[in-house]
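Here are a few exercises to work through with the model open beside you. Try each task before reading its solution.

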Amino acid sequence: MKANITLHKEFSIGETDKRLYGSFIEHLGRAVYTGIYEPGHPKADSEGFRNDVAALVKELDVSVIRYPGGNFVSGYNWEDGTGPKELRPVRLDLAWATKESNSFGTNEFAAWTKKVNAEMMMAVNLGTRGPQEARNFVEYCNFPGGTYWSDLRRKHGVNDPHRIKLWCLGNEMDGPWQICGRTAEEYGRIALEAAKVMKWTDPSIELVACGSSHMRMPTFGDWEKTVLEHVYDHADYVSLHMYLANHENDIPNFLGRSLEMDNFIKTVAGICDLVKVKKNSRKTVNLSFDEWNVWYHSNNADRKIEKWSEAPPLLEDIYTMADALAAGCLLITLLKNADRVKIACLAQLVNVIAPVMTEKSGSAWRQTIFYPFMDASGFGRGTALRCPVTVDKYDSREFCDVPYIEAAGVHNREKNEINIFTVNRNLGEAVNLDAQIAGFGNISLVEHRALYNNDLQACNSASEEKVKPKVLSGGRCENRSGSAFLEIALPPASWNLVRLKIL
Ligand code: AHR
């Protein structure tokens, strides 16, 4: 099969926000306990943070990390996770039917994000709690000192404020599963009042209002419109969440679901702009895609977990080669919408539907989905370029006209690089990709590396990495009459990174 793409220096989508390569740590399963934090582990530092896990997180170069939930946040008292550890209460977490020791909390999370060079994205509880507790939390975290909450932080050993810039106004408040979920009207009102007092406490913060939990929610669309009518002037972003499942093992359809993500993004952006017009506002509300991933492998195992256990192995999906392709299609879709999606979080980061897995008291290892994220985060920063593709299309069970190739290009001015990301959705055939790259002058091919495996069900484990990138030779780049012409063969069912240098 043949495919063509064209990139031109002047045809840009927009700058990629570094927060496009974010992730998420929730108090859920083994994300925190025996994940990022395991005092007594041979590789733990003096604060109990696992150095082996931190090293893998740094390989991913995760820019921003959302915390502490997720569904967990809607029943969370943030104060429980502060102060002397021996005084912290053990609570029942109703979101995941587990016990929470609170031995890890806000200040520990702040110290850990420093260790992995990431920014914090904090969520407040708008389920069982409201504006008062949310503004106290902002004061505790961000106010320098001389007030009750900021001095309490100092008493807890943290002299300098955390200066957390990004705050989520609750989590998935439209979901019937949410602890104290709300109607759009109820949530819009409380989100507005919380937003006001949080920004009055620290005007430098940015706020994310909850959009729909996913695009197939019955209230999707109406929810965003109603919520934004309340909170538009005070919110900076609206959230989007999406998880892919493949229970039917219908891979062509599974890989087509990134088209739904694209549609989701464009629809929510349209609703934001509708409210903007109705409010006669000059401000644009952008998008925070703060939960995206594949999630289904662990569904059955999770039903067997005993209730009220502490840090049980919940949501421990073991990802396949096919899942890595799906994750790659989602990453490319985020890049193609870089003009509106400013924040995105791969949900989640460690053990819980995660690229990084750990064994309790043992090793840490990379899942298949680790690699597309690592490539995009490492090489997808700069100006996202329009990348029209000419290739055959297929129809799947739910989607029409799925192109066999998904592709995005990013121009990094500082590094004089152009990087192309592509997924070949053709499961049986290689695709010969011809790219014309114009407006940059002469270009050379630095590297083509690809992730593929004949067995689309192949997984990694603590003892074996069956799915890892391979460097491919055979690509060619020629410079003729001011343009570069690239020829690359994309293996069947593959994720590809093509790195080019501007000469
Ligand atoms: O990431 C797992 C869960 O998925 C989160 O807690 C929730 O926000 C979503 O439903």
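**Exercise 1. Count the cavities of 30 Å³ or more, then describe the largest cavity.**

Step 1: the count comes to four cavities of 30 Å³ or more. This is a predicted model, where local features need pLDDT of at least 70, side-chain atom pairs count only at pLDDT 80 or more, and totals for chains, interfaces and linings use all residues. Residues are numbered from 1 along each chain as its sequence is written, and side-chain values use heavy atoms, with hydrogens and water left out. On a 1 Å grid over the protein atoms alone, a cavity is a set of points where a 1.4 Å probe fits but cannot get out; a pocket is an open set with protein on both sides within 12 Å along at least five of seven lines; lining residues have an atom within 4 Å of a point. Grid points are joined across faces, edges and corners, and a volume is the space filled by probe spheres set on the points.

Step 2: the largest cavity holds about 80 Å³ of space. Its lining includes Tyr-76, Trp-78, Asn-125, Arg-129 and Phe-137.

Step 3: helix H3 gives the largest share of that lining, three residues, and strand S7 (119-124) also supplies at least two. Helices (H or I, at least four residues) and strands (E, at least two) are DSSP runs, numbered from the N terminus.

Step 4: sort the lining by class and you get eight nonpolar, one polar and two charged residues. Here Ala, Val, Leu, Ile, Met, Phe, Trp, Tyr, Cys and Pro count as nonpolar, Asp, Glu, Lys and Arg as charged, and the others, Gly among them, as polar.

**Exercise 2. Work out how H3 packs on H5.**

Step 1: H3 (residues 131-142) and H5 (residues 184-201) pack at an angle of about 25°, with axes 9 Å apart. Axes are lines fitted to C-alpha atoms, for helices over the stretch in contact, and angles run from 0 to 180 degrees between N-to-C directions.

Step 2: that angle makes H3 roughly parallel to H5 (angles under 35 degrees count as roughly parallel, over 145 as roughly antiparallel, 65 to 115 as roughly perpendicular and the rest as oblique).

Step 3: from H3, Pro-131, Ala-134, Arg-135, Val-138 and Glu-139 meet a set in H5 that includes Ile-190, Val-197 and Met-198; contact means heavy atoms within 4.5 Å. Seven of the contact residues are nonpolar, one is polar and three are charged.

**Exercise 3. Which residues lie nearest the centre of the largest pocket?**

Step 1: the space in the largest pocket is about 440 Å³.

Step 2: 23 residues line this pocket, and Asp-262, Lys-266, Lys-336, Cys-387 and Glu-406 lie nearest its centre.

Step 3: H7 provides the largest share of the lining, six residues. By class, the lining splits into 12 nonpolar, three polar and eight charged residues.
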